[in-house]
Amino acid sequence: MVWQLLLVAAIGAVAYIDRTAAFQLMLHRPLVVATAMGAVFGNAFAGAQVGAVLELLYLVRLPVGASTPPDDTGAAMFGGAAAAVASSSIGLDAGSFSAVLLLSVPCAETGKAVDRLVRRVNGRIAALTIESVERGDSQAVEHGLLAGVALFAISGTVLALSFSGLGLAAGKLLLPCFGPASKARFAVMLPLFPLIGAASVFSCTRTDRTAPAFYLTMWTVFAATLFFRWAG
Amino acid sequence: MPLVLVRVDCRLIHGQVVETWLPHTGANCVVVANDDLAGNPFLRSVMELAVPPSIHMVFCRLDEVAKELERIDSHEEKAILLCSTFSDALRVYNSGTRFSSINIGNLHYAAGKVEISPSVFFSPEDFEAVHNFRDHGVEVNVRATPFEAGTTCEPGRK
Amino acid sequence: MGGLTHSVRRKVWWRLFLLQGCWNYEGMQNVGFAYGILPALRHYYRERPEDLIKSLKRNLEYFNTHPAMGGVILGATARIEERVASGEADPRAIGTFKVALMGSLGAIGDSYFWGALKPMASVAGAILSLIHPALGIAALLLLYNLSHVLVRLKGFAAGMDGEESAVRFLKEAGFTGRTEDRKILAAILGGAYAGVLSSKTAFMSGEGPSAVGFFIVALLAVHIVTVLFRKAVSPSEIMLFLLVIGTIFIWR
C-alpha cells in the first residue's frame, strides 16, 4: 500500500515535469502513464488498453504558445488506475472500458486548470527572480528556475495521487454499474473511441495530401484484416 | 475581399498561426505587414522556413498592404494579414484596407500594461486603438487559437 | 567554436532541457532562457559582476519558442553576448535577433514536433501496443526522441557557431519537407489504426455485407468528428456528449 503511494507520487512528479517543465521526452504520454499506473495497481495490460485510446484522443489540441491543451496525462492516471482494478481475469469488459474513458474527461479538464494555476504562480516566481537579479544576485535565476520545476513536480504529485485515487474508487464502482452484468449500454460505444482518436490524428496532420492517404489506408487495412479474420 | 483573418501578434509567424489558424481558416497566403521585416532579408528568409511550402508568403510595408491585397485578390487566394502591434494594424486600416473584425493573438507583457487574457497585455495606446476600431465598427476579439472561446473587447473597459 | 570551454558548453546544453521550468504568462520561457545562458555569461563576464547583471537582465526579457528549438537561438545569442562582452557588438542587437527568431523557430518546432512527429510516434505506439504494451511504449519513445535529441544536439552546435550557421542549419535540416513527410506517415498510420480496430468490431458483430455497412458507419463517424474538430469543438466536449447519451440510455 505504502509502496504504491510512493510509486504513484514518483510517476506523477516525473510525468508532470516531463509534460511542461523539462525534457519533454514523451514520458508524460497517456500510453506510458496509463501502463505504469496499471502496473502499479496490478494490471499493466488493462492500463495500456486505456492508455492507447487516450494517447490519440487529445492530439488535435496542440500545446502552442500560451494555449494549454486538456491534461491527457491526468486522464491517463485516472484511466490506468481505474482499468487495473475494474478488469477481471479475462481483461477489461467493453462497458467498463467505455465508462473509464468517458469519466476521465473531468480529470483532463481539472488538470488543465491546475496547469494554468501553476503557470500563474510561476509569474510571481519570475517577478521575484527579476527583482533579485536587479539587486545584483545572479544566482536568483537558478533558484527561480528550480522553484518553478519544484512547483510543477509538487502539483504533479498531488494530481497523480488524486486522479489515481479517483480512478481506484471509480474502478471499484464501475464493474457493478457498467460491467457485463449491468443493463448499461456503454459497451456499444466502445468502437467509437478509437475512431475519435484516429480523427484527432487525422485532423492535426491535415495537409492537401493526407486525406487520400488516411482514407485509403483505412479501407485497405479494414478489408485486409477482415479477410484474414474470416480466412483464419 | 481576400482577407480571412486580420491578426495582431507580437511574434508574427509562430506555431499558433501555422498550426491552428492556417488550417482553421483554410488560407493559402500570409501577408506580414511590418516595416522592419520588409527591409531585412535575413529575418524574412528565416520566417519563410516556418510556413509550409504550399503557403504563399508576402512581406510588405504597412502602406503597401492595400496594393498587395488587390494583387492577391486577383489570384483568388485567401489571406491572413499579420501585424506585430495594434498601432500598425490601425495604420493599415487608415491607409485604406477595410476589414470587419480584428483578432488579437499575443501582445506581450511589459510594466504598466493591463492583462486582457493570459497572453495579451494592453498598454494605454492599445486601449486607444480599440476605441478607434470600435468607432469604425470593427469588432475586436482576443483569441490566441481558434479553439479558445475568446473575449470581445468592450469599449468601456479601461 | 567561440571562447567557451567544452565543460561550459555541455553545461549550457543540459540546462536547455529545463527551458520551460518556470514557464509563466508574463515572460513565458524568460527565466529558463536566462538559466540556460548563465554559465556562458559567467564565463564572458568573469571579472565584471556589474556587466554580468546587466547582461542577465536583457536575457530575462520575454522569450518563447519551441523548447527543442531553443538551443539554436540560445547558442547564437551566446555568440552575440561574447562579442558584446569584448565590445565588438551593440547589446541592442540581441533583443532584435531573439524576437525575430523565436516566432519563426516556434512555428518550425510546433509544426514539426507537435504537429507531425508526436502524432506519428503516438499512433505508431498505439498500434504496436495492440501487440504488446512494452513494444508500443518503446516505439513511441524511440521514434520521438531519436529525432528530438538529434535536433537539440545539432541545433545547439549550429547556434554556437553563429547566426549564419544557425540559419544554414535551419535551411539544410529541411524542416518543412520533414514535417510534411511525418504528417503523411502519421495519417497513414492513423488510417491503419482505424481500419484494424473497426475490422475487429465488424468481425465480432456479424458476417458478409453487414461488414461493408459497418465500414461505412465507421467512415462517417471519423468524418463527422473531423468536421467537428475543424469547427473547434474539443475532444472533451464530444466525450461529455457521449457520456450524457450513455447515461440517458442507462436510466431509460
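Ala, Val, Leu, Ile, Met, Phe, Trp, Tyr, Cys and Pro count here as nonpolar, Asp, Glu, Lys and Arg as charged, and the others, Gly among them, as polar. The model shown in these views is predicted.

**Figure 1. The largest cavity, lined by residues that include Pro63(A) and Trp114(C)**. The structure holds 3 cavities of 30 Å³ or more. About 360 Å³ of space lies in the largest cavity. Its lining counts 31 residues. Nearest the centre lie Pro63(A), Val64(A), Pro69(A), Arg119(A) and Trp114(C). H5(C) gives the most, with 4 residues. By class, the lining divides into 9 nonpolar, 13 polar and 9 charged residues.

**Figure 2. The second largest cavity, with Tyr16(A) among the residues nearest its centre**. This cavity holds about 90 Å³ of space. It is lined by 14 residues. Tyr16(A), Arg19(A), Thr20(A), Gly111(A) and Asp115(A) lie nearest the centre. The elements that give two or more residues to this lining are H1, H6 and helix H7 (140-178), each of chain A. H6(A) provides the largest share, 5 residues. The lining has 6 nonpolar, 4 polar and 4 charged residues.

**Figure 3. The largest pocket, lined by elements of chains A, B and C**. About 860 Å³ of space lies in this pocket. Its lining counts 37 residues, and the closest to the centre are Arg206(A), Thr207(A), Val18(B), Leu22(B) and Pro23(B). Chain A brings helix H8 (192-204), and chain B brings helix H1 (15-25). Chain C brings helix H5 (92-128), helix H8 (175-205) and helix H9 (209-230). Each of these elements gives two or more residues to the lining. The largest share, 6 residues, comes from H1(B). The lining divides into 19 nonpolar, 11 polar and 7 charged residues.

**Figure 4. The second largest pocket, lined by helices of chains A and C**. The volume of this pocket is about 680 Å³. It is lined by 28 residues. Gln49(A), Phe97(A), Leu190(A), Leu197(C) and Lys200(C) lie nearest the centre. Helix H3 (44-57), helix H5 (94-103) and H8 of chain A each supply at least two residues of the lining, as does H8 of chain C. H8(C) gives the largest share, 8 residues. By class, the lining has 20 nonpolar, 5 polar and 3 charged residues.

**Figure 5. The contact between chain A and chain B, with a salt bridge from Arg120(A) to Glu115(B)**. Chain A puts 10 residues into this contact, and chain B puts in 12 residues. The two chains bury about 810 Å² between them, 58% of it on carbon and sulfur atoms. Arg61(A), Val64(A) and Arg120(A) supply 43% of the area that chain A buries against chain B, more than any other three residues. The count of salt bridges between the chains is 1. In it, the side chains of Arg120(A) and Glu115(B) meet at 3.1 Å, N to O. There are also 2 residue pairs in polar contact between chain A and chain B. The side of chain A that touches chain B has 5 nonpolar, 2 polar and 3 charged residues.

Val64(A) returns from Figure 1, where it is one of the residues nearest the centre of the largest cavity.

**Figure 6. The contact between chain A and chain C, with a salt bridge from Arg209(A) to Glu180(C)**. This contact takes 91 residues from chain A and 98 residues from chain C. Together the chains bury about 8300 Å², 76% of it on carbon and sulfur atoms. Across the interface of chain A and chain C there are 3 salt bridges. In one of them, the side chains of Arg209(A) and Glu180(C) meet at 3.4 Å, N to O. The count of residue pairs in polar contact is 17. On the side of chain A that touches chain C, the elements giving two or more residues are H1, helix H2 (30-40), H3, H5, H6, H7, H8 and helix H9 (210-231) of chain A. H9(A) gives the most to this side, with 13 residues. By class, this side of chain A has 58 nonpolar, 19 polar and 14 charged residues.

Notes. Residues are numbered from 1 along each chain as its sequence is written. Chains are lettered from A and ligands numbered from 1 in the order in which they are written. This is a predicted model: local features need pLDDT of at least 70, side-chain atom pairs count only at pLDDT 80 or more; totals for chains, interfaces and linings use all residues. Side-chain values use heavy atoms; hydrogens and water are left out. On a 1 Å grid over the protein atoms alone, a cavity is a set of points where a 1.4 Å probe fits but cannot get out, and a pocket is an open set with protein on both sides within 12 Å along at least five of seven lines; lining residues have an atom within 4 Å of a point. Grid points are joined across faces, edges and corners, and a volume is the space filled by probe spheres set on the points. Contact means heavy atoms within 4.5 Å. Buried area is the accessible area (1.4 Å probe) that two parts lose on being put together, summed over both. A salt bridge is a side-chain nitrogen of Lys or Arg within 4 Å of a carboxyl oxygen of Asp or Glu. A polar contact is a pair of N or O atoms within 3.5 Å; within protein, one must be able to donate a hydrogen and the other to accept it, and residues adjacent in sequence count only if both atoms are side-chain atoms.
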